[in-house]
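Reader: I am new to this structure and would be grateful for a close look at a single part of it. Please begin with the overall layout and then turn to the nonpolar core.

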Amino acid sequence: MIAGIYDWMRQIIVFLLVTELLMRLTAEKYHKYLKLCVGLCLMFLVASPLFKKLSGLDFADLFSKAQIRAEFNPGKILGEEAFRDGVLTEYETAAKKQLTRLLSGLSLSVERVEFWIQDNVIDGMSVWVKEISSKEEKKEGKISITEIVIALDSEKKEVSDASNVAEFVARMQIADFYDMDISHINVIKEE
């Protein structure tokens with residue numbers, strides 16, 4: 001009986017010493033929360049002999065054996081990837097707006113932007129563009145002068161060369177704007 005009382009008093013003293021150490025190590029703004037938790041735990045620790053007598057359970061033993069198990073996967077954290085994808089989507093939307101303004105002089109509108117990611121770093125981008133028709137230009141208040149091409153061969157060859165030139169100029173402007181290597185930029189013209 002006396003050994004049980006000494007054991008009970010030793011548990012309370014050790015608990016109070018540990019909590020005093022915690023109080024000194026934590027910031028002052030957390031003291032009220034720590035005092036609340038310590039008070040509840042101390043109340044159960046002090047009343048544990050009474051609880052043990054009434055219910056037959058040793059609450060101090062249950063309290064000391066209680067463990068919080070958290071499994072941590074050292075791989076990727078689930079929310080980290082979702083956050084990165086959300087930020088990337090917002091960045092793609094902002095880049096689409098910037099590129100639409102940048103390429104409007106070439107009569108190109110940006111349909112979609114996709115970044116190439118390597119080792120969590122943006123390595124390049126693909127830009128899908130569409131040629132703005134003269135009707136769309138008139139809506140914006142622009143005057144369009146059609147390009148006159150004189151060729152000895154077929155007219156289709158010259159038109160495809162002109163679209164390749166427009167894509168190349170668009171790649172150069174994007175590379176200059178984002179200070180990237182032109183080989184890391186891909187411009188795809190949609191019909």
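**The chain and its nonpolar core**

The chain contains six helices and three strands, where helices (H or I, at least four residues) and strands (E, at least two) are DSSP runs numbered from the N terminus. In sequence order, their pattern is α-α-α-α-β-β-α-α-β. This is a predicted model, in which local features need pLDDT of at least 70 and side-chain atom pairs count only at pLDDT 80 or more, while totals for chains, interfaces and linings use all residues. Residues are numbered from 1 along each chain as its sequence is written, and side-chain values use heavy atoms, with hydrogens and water left out.

Of the 191 residues in the chain, 19% are buried; buried means under 20% relative accessible area, exposed over 50%, and partly exposed in between (1.4 Å probe, protein chains only).

The largest nonpolar core has 17 residues. Such a core is a set of buried Ala, Val, Leu, Ile, Met, Phe, Trp, Tyr and Cys residues joined through side-chain atoms within 4.5 Å. The residues with the most contacts inside this core are L99, L103, V110, M125, V127, V129 and I174. Two or more residues of the core come from each of α4 (78-103), β1 (108-118), β2 (121-131), α6 (155-178) and β3 (185-190). Apart from this core lies another, of six residues, including I12, F15, L34 and V38.

Contact means heavy atoms within 4.5 Å. Leaving aside neighbours within four places in sequence, M125 is in contact with L99, E114, F115, W116, I174, Y178, M180, H184, I185 and N186.

One of these partners, Y178, is buried because its relative accessible area is 18%. F177, by contrast, counts as partly exposed, at 43% relative accessibility. The whole structure holds two aromatic pairs; rings of Phe, Tyr and Trp (its six-membered ring) pair if their centres lie within 6.5 Å, and planes under 30 degrees apart count as stacked, over 60 as edge-to-face and the rest as tilted. The ring centres of F177 and Y178 are 5.0 Å apart and their planes stand at 90°, so this pair is edge-to-face.

Helix α2 supplies residues to the picture as well: L34, V38, L45 and S48 are buried there. At S48, shortly before the proline P49, α2 has a kink of about 55°, the bend being the angle between axes fitted to the seven residues ending at a residue and the seven starting there.
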